Amino acid sequence: MYVFFILLYRFFRSLWIGLKDKEFRALFFWVIGILAMGTWFYARVEHWRALDALYFTVTTLTTVGYGDFYPKTDAGKIFTMFYIFVGIGLLSGFIILMGERSGLIKPLAKSNEKEAAKTDQS
């Protein structure tokens, strides 16, 4: 249980630090927007409760996909196909930035610059 709280602390600290960066903040609001759009769409078209629609959007974009909810209308199926392509890209970009801000992932650009500097010195 202690490890969970450490993880939660690091998540919110990374989020707080990241929100000070313009690029991170823009991506954060895009992710919130795509989650809100998906929730609204599934609530309106599939007639799901808002919580069920949000649950479906999160499980779909994180590629978990339990299968307990799925679109039954043609419009819902078509929207989901496009939603997955756009949403997974946005969400994965956001997760990578979160990892960089928390120090768990080294930024690719900085790694390439260091390698270039090492080869220049040789």
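**Close-up views of helix packing and pockets**

**View 1. Helix H2 passes helix H4 in a left-handed crossing.** A crossing is left-handed if the near helix is turned anticlockwise from the far one by less than a right angle, and right-handed if clockwise. The model is predicted: local features need pLDDT of at least 70 and side-chain atom pairs count only at pLDDT 80 or more, while totals for chains, interfaces and linings use all residues. Residues are numbered from 1 along each chain as its sequence is written, and side-chain values use heavy atoms, without hydrogens and water. Helices are DSSP runs (H or I, at least four residues; strands are E, at least two), numbered from the N terminus. The axes of H2 (residues 22-45) and H4 come within 10 Å and cross at roughly 155°. Axes are lines fitted to C-alpha atoms, for helices over the stretch in contact, with angles from 0 to 180 degrees between N-to-C directions. H2 and H4 are therefore roughly antiparallel to each other (angles over 145 degrees; under 35 is roughly parallel, 65 to 115 roughly perpendicular, the rest oblique). The residues of the contact of H2 with H4 divide into 20 nonpolar, 5 polar and 2 charged. Nonpolar covers Ala, Val, Leu, Ile, Met, Phe, Trp, Tyr, Cys and Pro; charged covers Asp, Glu, Lys and Arg; the others, Gly among them, are polar.

**View 2. Helix H3 passes H4 in a right-handed crossing.** The axes of H3 (residues 50-61) and H4 (residues 74-102) come within 9 Å and cross at roughly 65°. H3 and H4 are therefore roughly perpendicular to each other. Phe 56, Thr 57, Thr 60 and Leu 61 in H3 meet H4 residues including Tyr 83, Ile 84 and Leu 91 (contact means heavy atoms within 4.5 Å). The contact of H3 with H4 has 6 nonpolar, 4 polar and no charged residues.

**View 3. The largest pocket has a volume of about 210 Å³.** A pocket is an open set of points on a 1 Å grid over the protein atoms alone, where a 1.4 Å probe fits, with protein on both sides within 12 Å along at least five of seven lines; lining residues have an atom within 4 Å of a point. Points are joined across faces, edges and corners, and a volume is the space filled by probe spheres set on them. Among the lining residues are Arg 10, Phe 11, Phe 94 and Met 98. H4 gives the most to this lining, with 5 residues.
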